[in-house]
Amino acid sequence: MGAVDRSGPSSPSRNRRSLTHQVRYALRHPGRVPAHARRAARDAWLRLRYRHDHIAYYRAVMASDAARSVEAAVGHNPSRERWAQLGRMQFDYLVRHGLRPHHRMLEIGCGNLRAGRLFIDHLDIGHYYGIDISPHILLAAQDTLVREGLQSKLPYLALADDLTLAFLPDARFDVVHAHSVFSHSPLHVIEECFAHVGRVLAPGGFFDFTFDRTEGREHQVLNEDFYYRTGTLVALAARHGLSARIMEDWEELPHRQSKMRVTVSSDIGSKGLPEVQV
C-alpha cells in the first residue's frame with residue numbers, strides 16, 4: 001500500500017469555501033483546477049435542476065461520476081489499495097467497538113461495499129442490510145458480492161429515496177453505520193435521519209457516522225461537501241431523543257473525517273453508555 005496520511009481529520013478550523021483557501025489550493029495544485037471547474041459547472045446545472053431535492057441532486061452527482069468511471073465513483077481513488085484500506089479501517093474499528101456476528105446491521109450509504117463486504121463476512125447469514133440512493137452503485141455492490149464470494153451470506157441491498165427509513169421495521173438493528181454520508185448532506189437531511197433512526201435501533205443499539213468537522217465557521221463547498229461543528233450535531237441529535245458523542249480514538253486513524261456515536265437517550269438513562277471495547 002502507498003503512503004498514508006496519519007494526521008487524522010485535517011485542519012478543523014479551515015474554511016474551504018473562502019476565496020483565500022481556494023486561491024492557495026489552486027496555486028499548490030494547479031493540475032486539479034480543470035477538474036474542479038468541471039465539478040463546479042456540474043454543480044450549478046444540477047442545483048437548478050434539483051433545487052428542492054438534495055437526494056435527487058446527489059443521486060445525479062453519483063450517476064455523473066459513475067458514467068465517467070464506476071470505480072472512481074465508489075472510492076477507488078487514488079487506488080484500489082486505498083479503497084480496501086479504508087474499508088478495512090472502518091471494519092476493524094467497529095469490531096473493536098462492539099460489532100458482533102449475531103448483530104443485525106444497517107449500513108446507510110453502503111456504496112459498493114468497501115467496508116460492507118467485510119461486515120457481511122463477519123455477520124451471521126442475513127444480518128446485513130445495506131441501502132444507497134444510487135442504483136449505479138448498488139449494481140457495483142452486487143459485483144463486489146460476486147467477486148468476494150459472499151452470495152451465501154444473503155445480504156440485503158436496497159435503493160432508498162430518503163432517510164426516513166420508513167420501509168424498515170421497528171427496533172430491528174443493533175448497529176447502524178454511515179461512513180461519508182453526512183459529509184455530503186445538508187443539515188435537513190441529517191435531521192431527517194436523526195428523526196427516524198431511533199425507531200429502527202434495537203434496545204441498546206448504536207448509530208455510528210462520520211462527518212467533515214469544522215470548529216470554525218460551518219460551510220459547504222459547492223452542494224457536495226458540508227462541514228459541521230461537533231456541537232451542532234450533538235444538539236440536533238438531542239432534539240430527537242438521541243445522545244451523541246465524538247469517538248476520540250477514531251481521530252488517530254488515517255482518514256479525513258470525524259466520527260460520532262449516537263444512542264437513544266432512554267437507553268443511556270437506564271443502562272449507561274454502551275461499553276466501548278478497545
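This is a predicted model: local features need pLDDT of at least 70, side-chain atom pairs count only at pLDDT 80 or more; totals for chains, interfaces and linings use all residues.

Reader: How should I read the direction of the side chains along a strand, and which residues of β9 point which way?

Author: The general idea is that in a regular strand the side chains alternate between the two faces of the sheet. In β9, Ser258, Met260, Val262 and Val264 point one way, whereas Lys259, Arg261 and Thr263 point the other way, and all of them are buried. The strand, residues 258-264, is accordingly described as mostly covered, with seven of its seven residues buried.

Reader: Is Asp212 buried or exposed, and what does this residue touch?

Author: Burial is read from the relative accessible area, with the cut-off set at under 20%. Asp212, which is found in strand β5 (residues 201-213), has a relative accessible area of 9% and is therefore buried. If residues up to four places away in sequence are not counted, Asp212 touches Ser183, Phe226, Tyr227, Tyr228, Arg256 and Gln257.

Reader: How many residues does the largest nonpolar core have, and which of them have the most contacts inside it?

Author: The largest nonpolar core has 43 residues, and those with the most contacts inside it are Leu106, Ile108, Phe182, Phe194, Phe207 and Phe209. Taking Phe194 as the case to follow, and leaving aside its neighbours within four places in sequence, we find this residue in contact with Phe182, Phe207, Phe209, Leu233, Leu236, Ala237, His240, Leu242 and Val262. There is also a second, separate core of 18 residues, which includes Leu94, Met105, Phe119 and Ile120.

Reader: Turning to charged pairs, how many salt bridges does the count come to?

Author: With a cut-off of 4 Å between the side-chain nitrogen and the carboxyl oxygen, the count comes to 14 salt bridges. One of them joins the side chains of Glu224 and Arg42, at 3.2 Å from N to O. Glu224 lies in the loop between β6 (219-221) and β7 (225-228) and Arg42 lies in helix α2 (residues 33-49), so this pair ties together parts that are 182 residues apart in sequence. Both Glu224 and Arg42 are buried.

Reader: What parts does the salt bridge of Asp161 and Arg59 tie together?

Author: The side chains of Asp161 and Arg59 meet at 2.9 Å, N to O. Asp161 lies in the loop between β3 (156-159) and β4 (173-178) and Arg59 in helix α3 (residues 54-68), so the parts tied together are 102 residues apart in sequence. Asp161 counts as exposed, because its relative accessibility is 54%.

Reader: How are Asp92 and Arg88 placed in their helix?

Author: These two side chains form a salt bridge at 3.5 Å, N to O. Asp92 and Arg88 are four residues apart in helix α5 (residues 80-96), and are therefore separated by about one helical turn. Asp92 counts as partly exposed at 30% relative accessibility, and Arg88 likewise counts as partly exposed, at 39%. Elsewhere, salt bridges that share partners join Arg39, Arg42, Asp65, Glu224 and Asp225 into one network.

Conventions:
Residues are numbered from 1 along each chain as its sequence is written. Side-chain values use heavy atoms; hydrogens and water are left out. Helices (H or I, at least four residues) and strands (E, at least two) are DSSP runs, numbered from the N terminus. Buried means under 20% relative accessible area, exposed over 50%, partly exposed in between (1.4 Å probe, protein chains only). Contact means heavy atoms within 4.5 Å. A nonpolar core is a set of buried Ala, Val, Leu, Ile, Met, Phe, Trp, Tyr and Cys residues joined through side-chain atoms within 4.5 Å.
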